[in-house]
Amino acid sequence: MTKTLLMAFAATVCLSLDAVAQEAGAAIDAAATAMGTTTLQSIQYSGTGTNNSVGQAATPGGPWPRFTVTKYVTSVNYTVPAMRQEIVRIDNETPTRGGGAGPFNPSTGQGGIRPIPGDIIQNQNTDGRTEIGALTIWLTPHGFLKGAAANRATAKASPARGKTVVSFVAFGKYTVTGTIGDRNLVERVETRMDNNFTGDTLFEGIYSDYQDFEGVKFPRHIVQRQGGYPVLEIMVADVRPNSPTALDMRGNPQRGGGPGAAPAAAIQIEPKQIAEGVWFLNFGAPQSLLVEFNDHVVIIEAPANDERTVATIAEVKRLLPNKPIKYLINTHHHSDHAGGIRAYVAEGIPIITHEAQKRYYEEQIFKNPHTLNPDRLARAPRAPVIEGVKDTRVLTDGNMTLELHLTRGNPHSEGLLMAYLPREKLLIQADAFAPRPGVPPLPSPSPYTVNLLDNIQRLKLDVARVVHVHGGSDPFEALMTAAGR
Ligand SMILES: [Zn+2]
């Protein structure tokens, strides 16, 4: 190519890039004018619908459990920016399936186990000055247009079946894409954000049934999805553009993660022996447990994240320096219980779990890209070794015996494993029984707990104490009482 041709080529590329940016700018401006975004400083909208507990599906890889939302009020102050969601929900799915009870709260008597009685208050503040906070606000219809305008330099537009697709890159790594319909209304917004368990995770907002509220267009129907499944569906009843209440909201600088968020506290694992060769490795909830064999140990549960796994492995090395970790046992696929499994694989430690979870881990958890926030396994990839249990698996060296059993048919999670130590008469269980100290019993026994007891009786296990992966233990009689026997 001659020098002249090269220059002409470069000029054409610049021109076309410029044209793309101009086209994006025009689409953003047209939508901002049509929707009334330009003069919108704040908004408050309310309605009713459903929301879902992410990471708590009944089936590995299945939809998030659904709750009915009886009150939903969102306030956005675009000038900070900051957002507050006030949600009241009730646990009325029949039958109740999956997790999402949250930790037990002695002041409300809620949490620990489903179904949860009464109104559940779920308020959430989002600080739009953090990366995740900004993305959360940009996923809303007017928020998208404000984000696109602020990131105009990277915005691109392309036609798609009578619609315009505008995308921009934020913070150098997040691509936010909005679909603007033929009436210049934002119909859909999507981006990917990091989830330490599921990796680069798709977040979507789908907006329809637009109506005019004092010159501002707003959707009457909101659907938000995470990882392909709904997390929120609201029928909007009331919209207040430039709401003074929303404008008064200043946000909470500690929320939302990213720059400006407080650094996480250092993890301090506190080992607590509960029987010969059995230890709690306590930190927050859920916990890991250690079971000691002659020349190795196994760890039950890998909660939370990489940092937790690293701290747990370090504590095991300190406690029993000559006994390597032979297996990590995973009771079920919920993110609070399995968020740390990727770091065990990074250490080359095999996982034992139920076969229902094995497939989910192999096809999704160990396959999803982690490019937005690479964890240890993403930085040093390694093939997972996962052993799938069908009904029962016994680990023994003649001295210590650890049995794993499927908690058959438990509504909390398909493939929920429980661990039983026959010599110690200990049953280690996750999320099928939760003590409720200091509050009256549930109106009727939780089907999760009834099912656990049915399984213990089916397997003829001789249990003296029930140990909870979420911390603590109770005599077997407490489980009997909770199950209404
Ligand atoms: Zn769970």
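Two strands are said to pair if DSSP finds at least two bridges between them, and strands themselves (E, at least two residues) are DSSP runs numbered from the N terminus. The structure examined here is a predicted model, in which local features need pLDDT of at least 70, side-chain atom pairs count only at pLDDT 80 or more, and totals for chains, interfaces and linings use all residues. Residues are numbered from 1 along each chain as its sequence is written, and side-chain values use heavy atoms, with hydrogens and water left out.

Strand S21 (residues 417-421) and strand S22 (residues 426-429) run antiparallel and are joined by three bridges. Within this pair, Tyr-420 has Leu-427 of S22 as its bridge partner. Both strands belong to an open sheet of six strands, ordered S19-S20-S21-S22-S23-S24, with mixed pairing. At its edges are strand S19 (392-396) and strand S24 (473-475), each of which pairs on one side only. From one strand to the next, the twist averages 20 degrees, an angle between axes, which are lines fitted to C-alpha atoms, taken from 0 to 180 degrees between N-to-C directions.

Attention now turns to Asp-200, a residue of strand S9 (residues 199-213). Asp-200 is buried, that is, under 20% relative accessible area with a 1.4 Å probe and protein chains only. Even so, Asp-200 has no salt bridge, a term for a side-chain nitrogen of Lys or Arg within 4 Å of a carboxyl oxygen of Asp or Glu. The nearest side chain of opposite charge, that of Arg-192, is 6.7 Å away. What does the side chain of Asp-200 reach at 3.1 Å? It is the backbone nitrogen of Leu-372. Leaving aside residues up to four places away in sequence, Asp-200 touches (heavy atoms within 4.5 Å) Arg-192, Met-193, Pro-369, His-370, Thr-371 and Leu-372.

Several loops hold backbone features worth a look.

Glu-214 has a positive phi of about 50 degrees and is found in the loop between S9 and strand S10 (216-226). Glu-214 is exposed, with a relative accessible area of 67%, where exposed means over 50%.

Notes: Helix = DSSP H or I, 4+ residues; strand = E, 2+ residues; numbered from the N terminus. Lys, Arg positive; Asp, Glu negative; His and termini not counted. Polar contact = N/O pair within 3.5 Å; in protein donor to acceptor, adjacent residues only side chain to side chain.
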